[in-house]
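Colleague: Put the model up, please, and we'll go through it piece by piece.

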Amino acid sequence: PKKINVPAVYRIELPARQEAKPFFGDPDKSGNDDAHLNDPRGLANMSDDRLIVADHGNDRLLIISAKDGKCLNSIEVPSPTWVGFNPHDDEKDEAIYAASGSELVKIGHDTGEKWKIVARMALPKLDARVKDAKWSFALDCRKESSGIWIGLSRGGDALSLCQEKNNEFGELKKADYGPAGHYWSIAGGYDGKTVACKVGDRTLRVLDEDTDKTTDLKLEDSG
């Protein structure tokens, strides 16, 4: 049978780091109402104590309150597997990015409080021999345009970067990186010029966009 994720979001209180407890959804029961999830695949922080959940099995993004877990909004997005958020000083310019099936989409404010998809970009087609390859994504919001890092586990460019500005996705450009068998868990740096990727057991590879050089960091007790 197809493996799906536990239909719940958990929270751990810091700095105590005690047992993770269900915050939203029901670990024992999937559903499609405002209190349940079905195979959630991604999570992102928004401003003003909000969270976005990529509710893959229900073809939607859910915006929930980080204070009490109340569902605030539901956005129709087919099969989301990743979600990121770009905050702005002006709330009407806030933007959500999501991986939806074979596409990357940007979701912005329509008139009023309504969200809608305002831009799309098709992900590169994969050879049939690597159809089980995995995509991973990270959002870099510290530039005039939003940068989306795109990783591929095998079968193509392992790490690429796309810039989005004014509701248009630019060309997907291959990053100048040291080859690795697998890339996953991508994270954009706060300095706006670096990106880090897990590239193997206990190894974190950091790419500097300014110099195109990479540095490998060895991490203890990391899978």
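Colleague: Where is P15 found?

Modeller: P15 is found in the loop between β1 (8–11) and β2 (21–25). Strands here are DSSP runs of E, at least two residues long, numbered from the N terminus. This is a predicted model, with local features needing pLDDT of at least 70 and side-chain atom pairs pLDDT 80 or more, while totals for chains, interfaces and linings use all residues. Residues are numbered from 1 along each chain as its sequence is written, and side-chain values use heavy atoms, leaving out hydrogens and water.

Colleague: What kind of peptide bond joins L14 and P15?

Modeller: A cis one, with omega at about 5°.

Colleague: Is D39 buried or exposed?

Modeller: D39 is buried, because its relative accessible area is 4%. Buried means under 20%, exposed over 50%, and partly exposed in between, with a 1.4 Å probe and protein chains only.

Colleague: And D59, which loop is that in?

Modeller: The loop between β4 and β5. D59 also has a positive phi, near 55°, and is not a glycine either. At 34% relative accessibility, D59 counts as partly exposed.

Colleague: How many bridges join β4 to β5?

Modeller: Six bridges join β4 (residues 50–55) to β5 (residues 60–65), and the two run antiparallel. Strands count as paired if DSSP finds at least two bridges between them. Within that pair, V53 stands opposite L62 in β5.

Colleague: Which sheet do they belong to?

Modeller: An open sheet of four strands, in the order β3-β4-β5-β6, with antiparallel pairing. Its edge strands are β3 (40–46) and β6 (71–76), each pairing on one side only.

Colleague: What is the strand order in the sheet with β7 in it?

Modeller: β7-β8-β9-β10, another open sheet of four strands with antiparallel pairing. The edges are β7 (80–86) and β10 (115–122), and each of them pairs on one side only. Inside the sheet, β9 (residues 103–109) and β10 pair in the antiparallel sense over seven bridges, and L104 stands opposite M121 in β10.

Colleague: Remind me, how do side chains point along a strand?

Modeller: In a regular strand they alternate between the two faces of the sheet.

Colleague: Now S146. Buried or exposed?

Modeller: S146 is buried, with a relative accessible area of 4%. It sits in strand β12 (residues 146–152).

Colleague: What does the side chain of S146 make a polar contact with?

Modeller: With the side chain of N86, at 2.6 Å. A second polar contact, of 3.0 Å, joins the side chains of S146 and Y97. A polar contact is an N or O pair within 3.5 Å in which one atom can donate a hydrogen and the other accept it; residues adjacent in sequence count only if both atoms are side-chain atoms.

Colleague: Which residues are closest to its centre?

Modeller: Of the 13 lining residues, T81, K134, W135, S136 and F137 are the closest to the centre. Lining residues have an atom within 4 Å of a point. The elements that give two or more residues to the lining are β7, β11 (135–140) and β16 (184–188). β11 gives the most, with three residues.

Colleague: Last one. How many residues are between β18 and β19?

Modeller: Four, in a hairpin, and D212 in the turn has a positive phi of about 60°. β18 (residues 203–208) and β19 (residues 213–218) pair in the antiparallel sense over six bridges, with L204 opposite L217 in β19.

How values were computed. On a 1 Å grid over the protein atoms alone, a cavity is a set of points where a 1.4 Å probe fits but cannot get out, and a pocket is an open set with protein on both sides within 12 Å along at least five of seven lines; lining residues have an atom within 4 Å of a point.
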